[in-house]
Amino acid sequence: MKSYLKTQNIRAFIEPIVGETTVKTYFSYYGIFKDGLMFGLFRDDHFYLRTSSANLGEIQSLNTCHLEDKHIGIQAKNFYLIPLNQLSNRPLITSWISSTLNEMTEQIKQTEKLRKKLIRYLPNMDINIERRLRKLGIKSVDELVEKGEMNIFIELIKIGIEANDNLLFRLHGAINHKYAQTLTPSEKNTILQEANNALYNAGLRKRFNV
């Protein structure tokens, strides 16, 4: 409880810099969050700040150390103990915290951009299907949409990769932003009829009894 009360002092100091923050337990620490981003850790009168790449060299020059805690894992190396004498330097702390939050926000934006390009994040898709599609040279959402579910289905069969009605429904749903389980019996029937026609036109036997 004493440590929690002391986090209130830290948060009161930080509030003019970033506004209201929240505290949540994070392993044996108190994590300090702004808009869901954890930029600080506090325990035993020690405040650890997540550093941005822009400020890493400056913080390391203070002869401080990064957090070492096997329970936190690889993320621990991003947090550095901030000496108490530096905590009183409001302009410097303002610069560090602002830089950290800006970098974290930008990283989230970049991750979201990447997610939009990766097939595995579409409805019905996963990394295993994504890997199968790469064997056809399909590596992005745009390429998936351009190729279309019927052409993909036929090409997978031609190269000996198992493709069934479930995969066909999942591909159709991914391209049309629908979950496969929401397809009606009528929609599924139409898809299978189209697949039979595509198989026949490709010189392959029909697979579905519709």
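Axes here are lines fitted to C-alpha atoms, for helices over the stretch in contact, and their angles run from 0 to 180 degrees between N-to-C directions. The model shown is predicted.

**View 1. Helices H8 and H9 cross in the predicted model.** The two axes come within 11 Å and cross at roughly 110°. Angles of 65 to 115 degrees count as roughly perpendicular, so H8 is roughly perpendicular to H9. H8 brings Asp165, Leu168, Phe169 and His172 to the contact. H9 brings Lys188, Ile191, Leu192 and Ala195. By type, the residues of this contact are five nonpolar, one polar and two charged.

**View 2. The largest nonpolar core.** This core has 31 residues. Leu133, Leu144, Ile152, Phe153 and Leu168 touch the most other members. A second, separate core holds 22 residues, including Val18, Tyr30, Ile59 and Met104.

**View 3. Contacts of Leu144.** Which residues does Leu144 touch, not counting residues up to four places away in sequence? They are Ile119, Leu122, Leu133, Ile138, Ile152, Leu171 and Ile175. Among them, Leu133 and Ile152 are also listed with Leu144 as residues that touch the most other members of the largest nonpolar core.

Terms used
Residues numbered from 1 in each chain as written. Predicted model: local features only at pLDDT ≥ 70, side-chain atom pairs only at ≥ 80, totals over all residues. Heavy atoms only, no water. Core = buried A, V, L, I, M, F, W, Y, C linked by side-chain atoms within 4.5 Å. Buried < 20%, exposed > 50% of the residue type's maximum accessible area, 1.4 Å probe, protein only. Contact = heavy atoms within 4.5 Å. Helix = DSSP H or I, 4+ residues; strand = E, 2+ residues; numbered from the N terminus. Parallel < 35°, antiparallel > 145°, perpendicular 65-115°, else oblique. Nonpolar A, V, L, I, M, F, W, Y, C, P; charged D, E, K, R; others polar.
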